[in-house]
Amino acid sequence: MGHEECGDGKLAAEGEIAVARLALDSGDLPHAADHLADAMLHDPQQPDLYEALAELCARAGGAAATRTHFPLEGRIYLGTLVCRAHVEAAAGDWDQAVGLIAAAIGFEPATPWAHAAWFAREDLAELVTPDAVVQALPRAMRGLPDPMPEDLAAAVRPFADLVRVVVRRHPDHAALLALASGLVRRFGDTEEGVRLAERAHRAAPGHLSAVMFGNALRAHGDTERALAVWEAELARDPSDTHLAVDVAELYGATGRPAKGLAWLDRVLAAEPDHPKAGPARHGLRHRIDGGTAHLVALADHHRAHPDHDYAPDLLAHLVRQQSWLGIVPGAREATVNVLHQCLESPTATRDSELEITASQLEPPSSRLAVRLAFPAADVVYGSIPEPDPRHPVRPVGTRVWTWNGTEPAPAVPAPSAEAAELLRDTAEIAWPAPPAAYDHAVRLAGLPLEDLLGALAHPPAPREDELGRALLAHQPELWVRAVQVFACLGIAHHRTDQPWAGSKRREVLLDLLYGADDWTVEAAGFALAAVGWTQPETRTDIAEHLHARLRHTAEAARRREVTILPSLCTLMLACPWADARALGLARTLAEGPADDTPATAPAAPKPGLLRRLFRRH
């Protein structure tokens, strides 16, 4: 649990401190220590916390004796570790104190662990040894992204300031210079990072300095020098296969993936199960070949090697912000375009009684988005185009919508309050990759099918957080689509004890896929594709049905506008195991006429929403 930004953290810390004081008054020092450790997690900047910690030290017979109340053996609790750091500082063991704060930063970098009075001592750089800082730096940096966002940098800055002062006091300590370069470049000071790493490499040429020098050069944009430094080090000592992977990927990042493949082939020839080289090879092949075949291969690699964490990380990087692979796409309906205009109007309020008229029928889910933002709004549809979009493309046993002329109405009851809340808590507009979305939805496996189907036509309101408020204010259709996606993923988890071929989950998802034109068709298609990514034995069946639905939709698109066609193309191409005819049709439709926007590029979430989204994740 990290530092809580709202007032709840402060209140929780105050409560823990109050209980700790009661324990101190009764002489129960271990109990008091436990509650102070909890308070530290809630609000490490609470002044009363340090007063209570000082009182504990006094009652225990001094800071040194208090160490036993914050043990570092066995499974270490983060609050205990930070309290121990402050106890070590009170005892005068500055090396241990700084090292423990560094470890806490590595675990929870967003929490201001280093914003403590003793960390601001002007003489702290004289009290701590350079070797201790060398040991502390890797502990802290393991949790720090490169570069760091500003809010994270602010939390870590006192630690970085200490490191900079220690470096100035020990300008010839090569290991200190090399590791410090890694920290300063994370703060965006890549020029200083290069300078420190180069000094270290000149003073003591070796593996550590070469690796850090190359990292600094890469961050600074001097990729050719970085490659030269790393390749020289590998020529001297070829044992670091992870460095060879870095060389390969840097070649890929600079537009030379084929040259990178040669490095990876050498690594894999010597170590076929290398945890990074295999995934990296799929990443470079993806750069060369495009498509999704190597993305699925990354998912397959991780399923075969669950301990190889690099495969899902690389997959998430490659599909980030890609429609359906990493994020729910925007909608193309004219109704949604008018909705956006209304939301941007300074005169519109949530109570506005709007009337939106569409020239012809559109997916009824688009009306859900309108009424999510403007509950009193009405959407009026004009003509019914041919072929009639209200009818499923084949007989189905499950329907989400019913129609009275041009007026749609839910054909399913609303989900229970408990189910709606669980879906509200589960739905996301982005995910690391299709398998991750499928896994995240497992928490919906216990919901009845009726509740999951009900959510498709009765989506709960967005969560009351920053992203939820932004969605409601700017792009409510993304939330409707997210709920529908995760409801369908929940259906994909229904009765997984049943073999796929005869399962109820397959039956219902196919009914939705072949249903009337609606966003629920897209959501079911994504759920089916996600099942295929995670369960290879289902792939042939799923590809055949996605292809069949795509053919029906393509035929309809010859005679009328079909807004769900781009998604169906994208989802078909997300199944690279499909036969050539299916993939060829999807590519042809996706390319479209030369003067049209490619069908596989639906409107994306707005940049402000993306910033909120990825800050959340």
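Modeller: A crossing of two helices is called left-handed if the near helix is turned anticlockwise from the far one by less than a right angle, and right-handed if it is turned clockwise. The model to which this term is applied here is a predicted one.

The crossing of helix 10 and helix 11 is left-handed. On the side of helix 10, the contact is formed by Ala174, Leu177, Ala178, Ala180, Ser181, Val184 and Arg185, and on the side of helix 11 by Thr190, Glu192, Gly193, Leu196, Ala197, Arg199, Ala200 and Ala203. By class, the residues in this contact are nine nonpolar, three polar and three charged.

Helix 27 (residues 519-534) packs against helix 29 (residues 565-573) at an angle of about 5°, with the two axes 10 Å apart. Helix 27 and helix 29 are therefore roughly parallel to each other, the limit for that class being under 35 degrees. In this pair Val521, Glu522, Gly525 and Phe526 of helix 27 meet Ser567, Leu568 and Leu571 of helix 29. The contact of helix 27 with helix 29 holds four nonpolar residues, two polar residues and one charged residue.

In helix 19 (residues 334-344), the buried residues are Thr335, Val336, Leu339, His340, Cys342 and Leu343. These residues lie on the same side of helix 19, because they cover an arc of only 160° around the axis. In general, an α-helix has 3.6 residues a turn, so residues three or four places apart point the same way.

Gln321 is not a glycine, yet its phi is positive, at about 65°. Trp324, likewise not a glycine, has a positive phi of about 70°. As to accessibility, Gln321 has a relative accessible area of 37% and is therefore partly exposed, whereas Trp324, at 2%, counts as buried.

Further backbone features are found at prolines. Asp146 and Pro147 are joined by a cis peptide bond with omega of about 0°, and Pro147 is placed in the loop between helix 8 (130-141) and helix 9 (150-169). The bond from Glu386 to Pro387 is cis as well, with omega near -5°; Pro387 belongs to the loop between strand 2 and strand 3 (401-404).

Pro275 lies in the loop between helix 15 (257-270) and helix 16 (277-289). With a relative accessibility of 26%, Pro275 counts as partly exposed. Apart from its neighbours within four places in sequence, Pro275 is in contact with His242, His308 and Tyr310. The C-alpha atoms of Pro275 and Tyr310 are 7.0 Å apart, although 35 residues separate the two in sequence.

Asp541, by contrast, is located in helix 28 (residues 539-557) and counts as buried at 19% relative accessibility, because the limit for buried residues is under 20%. Leaving aside neighbours within four places in sequence, Asp541 is in contact with Trp500 and Arg506.

These parts belong to a protein with 31 helices and four strands. Its C-alpha atoms fill a box of roughly 80 × 65 × 50 Å along the principal axes. Of the 617 residues in the protein, 55% are buried. Among contacts between residues at least 6 apart in sequence, 67% join residues at least 24 apart.

Conventions:
Residues are numbered from 1 along each chain as its sequence is written. This is a predicted model: local features need pLDDT of at least 70, side-chain atom pairs count only at pLDDT 80 or more; totals for chains, interfaces and linings use all residues. Side-chain values use heavy atoms; hydrogens and water are left out. Helices (H or I, at least four residues) and strands (E, at least two) are DSSP runs, numbered from the N terminus. Contact means heavy atoms within 4.5 Å. Ala, Val, Leu, Ile, Met, Phe, Trp, Tyr, Cys and Pro count as nonpolar, Asp, Glu, Lys and Arg as charged, and the others, Gly among them, as polar. Buried means under 20% relative accessible area, exposed over 50%, partly exposed in between (1.4 Å probe, protein chains only). The arc is that of the directions from the helix axis to the C-beta atoms. Axes are lines fitted to C-alpha atoms, for helices over the stretch in contact, and angles run from 0 to 180 degrees between N-to-C directions. Angles under 35 degrees count as roughly parallel, over 145 as roughly antiparallel, 65 to 115 as roughly perpendicular and the rest as oblique.
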